[in-house]
Amino acid sequence: MKQKKVDLKSSISTSYFLDCKSVTQIIHFKDGVKRTFSGILPDTIKQGQYTKMSTIDGRVLMVNDGNVLCIEVFQEDEE
């Protein structure tokens with residue numbers, strides 16, 4: 001049986017966020033908890049059952065999509 005390969009390209013589709021160096025995301029979870037992550041590299045965001053992303057300081061974040069209501073994304077200021 002032939003398996004279909006899935007291309008996990010960046011899940012951010014607008015060039016607005018892909019052109020910036022890093023973004024901040026506020027993730028709203030089903031249980032009402034909100035978590036803020038800064039310094040996320042937009043071109044490293046890959047979506048699957050777990051959304052994976054890297055930060056400018058080398059951390060890798062994995063978020064279970066099934067527990068997320070929404071994600072707010074903000075461009076970080078250029079320094």
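**Exercise 1.** Is Tyr50 buried, partly exposed or exposed, and at what relative accessibility?

*Solution.* The structure is a predicted model, in which local features need pLDDT of at least 70 and side-chain atom pairs count only at pLDDT 80 or more, while totals for chains, interfaces and linings use all residues. Residues are numbered from 1 along each chain as its sequence is written, and side-chain values use heavy atoms, with hydrogens and water left out. The classes are buried (under 20% relative accessible area), exposed (over 50%) and partly exposed in between, with a 1.4 Å probe and protein chains only. Because its relative accessibility is 34%, Tyr50 counts as partly exposed. Tyr50 belongs to strand β3, residues 50–54, where strands are DSSP runs of E with at least two residues, numbered from the N terminus.

**Exercise 2.** Describe the open sheet that contains β1, starting from the strand order.

*Solution.* The order of the three strands is β2-β1-β5, and their pairing is antiparallel; two strands pair if DSSP finds at least two bridges between them. β2 (34–40) and β5 (68–75) stand at the edges with a single partner strand each, so one side of each has no neighbour in the sheet. On average, neighbouring strands here are turned by 20 degrees against each other, direction ignored, the axes being lines fitted to C-alpha atoms and the angles running from 0 to 180 degrees between N-to-C directions.

Turning to the individual pairs, β1 (residues 23–29) is joined to β5 over seven bridges, with Gln25 opposite Val73 and Phe29 opposite Val68. On the β2 side there are five bridges to β1, and Ile27 has Arg35 as its bridge partner. The hairpin of β1 and β2 has four residues between the strands, and in this hairpin Gly32 takes a positive phi near 95 degrees.
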